[in-house]
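I opened the notebook to look up a few things in one structure. The entries follow the order in which I checked them.

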Amino acid sequence: MNLKSMSIDKLSQLREQVDAALNTKVIEERRAVQDQLGRLERLATSGLRARAGRGGPRGAVAPKYRNPENPSETWAGRGLKPRWLAAALKSGKKLEGCSIAAPGKKVGAAAKKARRK
């Protein structure tokens with residue numbers, strides 16, 4: 001196709017055809033990308049629902065500390081200290097006083113060292 005020898009009318013028609021072809025290709029590509037994004041979004045949300053029951057990214061952990069004044073309040077030792085524990089520590093109580101573990105049982109780093117020996 002020799003563009004230099006074509007008339008202005010023929011070149012205009014060719015330009016319109018190229019624009020129409022480009023528009024349809026762009027629309028097809030956009031639909032394909034939106035379909036892929038929709039599939040990825042469904043996978044991501046289904047994965048989040050599946051993990052939601054575990055108790056977080058690391059999994060559920062048994063509580064280690066219990067509020068002596070309200071036994072329904074517990075803390076696993078992860079994240080920020082709960083208000084009841086912070087208040088108890090501020091009032092002079094020791095962390096071991098709120099521990100759920102049996103009094104004779106070693107807890108934490110001391111228990112790990114004892115297991116290694």
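Which residues make a nonpolar surface patch of about 400 Å²? I found that Val 33, Leu 37, Leu 40 and Leu 43 make this patch. Patches take residues with over 30% relative accessible area and no salt bridge; like charges are joined within 9 Å, and nonpolar side chains (Val, Leu, Ile, Met, Phe, Trp, Tyr) within 5 Å. A salt bridge is a side-chain nitrogen of Lys or Arg within 4 Å of a carboxyl oxygen of Asp or Glu. Accessible areas come from the Shrake-Rupley method with a 1.4 Å probe, and for residues only the protein chains shown count as cover.

I noted what I was working with. This is a predicted model, in which local features need pLDDT of at least 70 and side-chain atom pairs count only at pLDDT 80 or more, while totals for chains, interfaces and linings use all residues. Residues are numbered from 1 along each chain as its sequence is written, and side-chain values use heavy atoms, with hydrogens and water left out.

I then looked at the whole chain. I read three helices and two strands, in the pattern α-β-β-α-α along the sequence. Helices (H or I, at least four residues) and strands (E, at least two) are DSSP runs, numbered from the N terminus. Of the 117 residues, 9% are buried; buried means under 20% relative accessible area, exposed over 50%, and partly exposed in between (1.4 Å probe, protein chains only).

I went back to Leu 37, which is in helix H1 (residues 8-52). Leu 37 counts as exposed because its relative accessibility is 51%.

Next I looked up the largest nonpolar core. Its five residues are Tyr 65, Trp 75, Trp 84, Leu 85 and Cys 98. Such a core is a set of buried Ala, Val, Leu, Ile, Met, Phe, Trp, Tyr and Cys residues joined through side-chain atoms within 4.5 Å.

Which residues of helix H2 (residues 83-90) are buried? I listed Trp 84, Leu 85 and Ala 88. Seen down the axis of H2, these buried residues fall within an arc of 95 degrees, so they line one face of the helix. The arc is that of the directions from the helix axis to the C-beta atoms. On the other side of H2, I found Arg 83 and Lys 90 exposed. The buried residues of H2 pack against strand S1 (65-66) and strand S2 (74-75). Leaving out residues up to four places away in sequence, Trp 84 has contacts (heavy atoms within 4.5 Å) that include Tyr 65, Trp 75 and Cys 98.
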